[in-house]
Amino acid sequence: MPNIVVVGTQWGDEGKGKIVDLLAERADYIVRYQGGHNAGHTIIYKGDVCVLHLIPSGIFHPGKICVIGNGVVVDPAALLAEISEIERRGVSVRGSLFVSDRAHLILPYHRAIERESEKHKGARKIGTTGRGIGPAYADKVARIGIRMADLMEPKLFRDRLATNIDEMNEFLRQIFKVKGFELDAMYKEYCGHADRLRPLVTDTTVLLNDAIDRGKSLLFEGAQATHLDVDFGTYPYVTSSSASAGGACIGTGVGPTRIDAVLGVAKAYTTRVGSGPFPTELNNAQGQELQAAGREFGATTGRPRRCGWFDAVLVRTAARVNGLTGLVITKLDVLDRCREIRFCTGYRLHGMGGKIATEMPASMTALESCQPVYETLPGWLVPTTQIRTYAKLPKAARTYLEAVERAVGCPIELVSTGSKREETIERAPRAAARRRRATPVSSNRITTRAARKAAG
Ligand code: IMP
């Protein structure tokens, strides 16, 4: 298998976990490159449910190597808890899980700062997962972060921790009027974590590049998604890392010339957790139906997900900024009971003489006030979960998928119709290559025309 990056094309929770789990069988290394334990996917292992937040899902595949790259922020306590959960199921991580010595740590003061800052923002809060992700990345960029390598050196770790706790406590007391942290207790606790993590910590840039030199294949598992990316997402309602495909290079030390393909995962509709603009959101019975049928509740926080129609503007942008070579559509079965299905091809911008945008505006004002322009197609009203080949899908389902494919400008390679591995339809690779040539990601001529037509 070539070296592939799997990325989310919407606002997360697209079902990347299942796709990574499927592809992990054919890969040798499964690598996380950004985010932290804000991510979450549910794995069924020997009939038992296990939710993974940091460790790649390949851990349950015998003989695979799982890597947490330098771009990930690691909460040592959360990582150790996850390791214990895995080992409780009889799977050892020794020799199959490695953590970058350059990965930055999430420490208790990061969570405290985030909690207070979110409270302070009131209605404008980001709606984070509360894991301390943002403050940990902020420290990294401010050059006061503490890395795995630093945790492995007790004296250096204590010095850095002392300086940071001093500064963080001052901040927490003066600005937020809350209690700070005690150095000795935190130092002791984290030295205990260091001892347990030591065998896993290594220079993963060497590990991964050596693996490629030996002809091994790497699967890069993106967390969150393109529109939560700190550069390309709906800023400031984003996460604090590079969740798009480019992050795979920065977050692992594997150069762009060594990556062969980028697979974008999109739900057949759209969901979002937390605050921020969502043009196709359905605040009505239809939205509730999608939420119930898709069981749209967060795997990490349990929060209900906001639901809406598929947004081709969103996914087309993702196709471009990730350089997608193929698209995976998940949860098609959730639409089985819809009489008609809509998908958005453009945004009518407020107060701009009816101007229709076919690209994501950077302006939050424009995005918050725009009206989606929809195309409507008939539903298929038959169950799709048991269908195993593309040709056997109802004609209306194929029409919908092909309309989405044209609007996004990227060939669909896989369609998922349920949570189980076998509930997946693979399209013939040769046909996909033909479609790829016919629908270049960088071109939006077709979609722009479609949006204009839909807008009348
Ligand atoms: P943070 O990553 O905890 O800082 O949260 C920032 C934003 O990203 C919030 O809107 C979260 O709900 C969202 N977010 C973070 N991780 C995920 C995820 O794995 N799936 C969906 N949304 C996420």
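# Briefing: a ligand site and a nonpolar core

The ligand is surrounded by 15 residues, and the closest of them are Asp 13, Asn 38, Thr 129, Thr 239 and Arg 303; a residue counts as near a molecule if one of its heavy atoms lies within 4 Å of it. The model is predicted: local features need pLDDT of at least 70, side-chain atom pairs count only at pLDDT 80 or more, and totals for chains, interfaces and linings use all residues. Residues are numbered from 1 along each chain as its sequence is written, and side-chain values use heavy atoms, with hydrogens and water left out.

**The ligand and its shell**

- The shell around the ligand is made up of 6 nonpolar, 7 polar and 2 charged residues. Here Ala, Val, Leu, Ile, Met, Phe, Trp, Tyr, Cys and Pro count as nonpolar, Asp, Glu, Lys and Arg as charged, and the others, Gly among them, as polar.
- An N or O atom in the side chain of Thr 129 is 2.6 Å from an oxygen atom of the ligand. This is a polar contact (a pair of N or O atoms within 3.5 Å; within protein, one must be able to donate a hydrogen and the other to accept it, and residues adjacent in sequence count only if both atoms are side-chain atoms).
- For Thr 239, a polar side-chain atom lies 2.6 Å from an oxygen atom of the ligand.
- Gly 127 has a polar backbone atom 3.4 Å from an oxygen atom of the ligand.
- The ligand taken alone exposes 470 Å², and the protein buries 96% of that. Accessible areas come from the Shrake-Rupley method with a 1.4 Å probe; for residues, only the protein chains shown count as cover.

- Asp 13 is in the loop between strand S1 (4-8) and helix H1 (16-24). Helices (H or I, at least four residues) and strands (E, at least two) are DSSP runs, numbered from the N terminus.
- The phi angle of Asp 13 is near 60 degrees, a positive value in a residue other than glycine.
- Asp 13 has 26% relative accessibility, so it counts as partly exposed. Buried means under 20% relative accessible area, exposed over 50%, and partly exposed in between (1.4 Å probe, protein chains only).

**The nonpolar core**

- The largest nonpolar core has 71 residues, and Phe 310, Tyr 347 and Tyr 400 have the most contacts inside it. Such a core is a set of buried Ala, Val, Leu, Ile, Met, Phe, Trp, Tyr and Cys residues joined through side-chain atoms within 4.5 Å.
- Helix H13 (residues 395-408) gives the most to this core, with 8 residues.
- This core lies between domain 1 (4-99 + 203-258) and domain 3 (268-454) because both give residues to it. The domain bounds come from an automatic or database domain assignment.

**Thr 330 and Glu 14**

- Thr 330 lies in strand S15 (residues 326-330) and is buried, with a relative accessible area of 3%.
- A polar atom of the side chain of Thr 330 is 2.5 Å from the backbone oxygen of Glu 14.

**Backbone features in loops**

- The peptide bond from Tyr 235 to Pro 236 is cis, with omega near 10 degrees. Pro 236 is in the loop between strand S10 (218-221) and helix H9 (247-250).
- Arg 295 has a positive phi, near 45 degrees, in a residue other than glycine. Arg 295 is in the loop between helix H10 (285-293) and strand S13 (306-308), and at 60% relative accessibility it counts as exposed.
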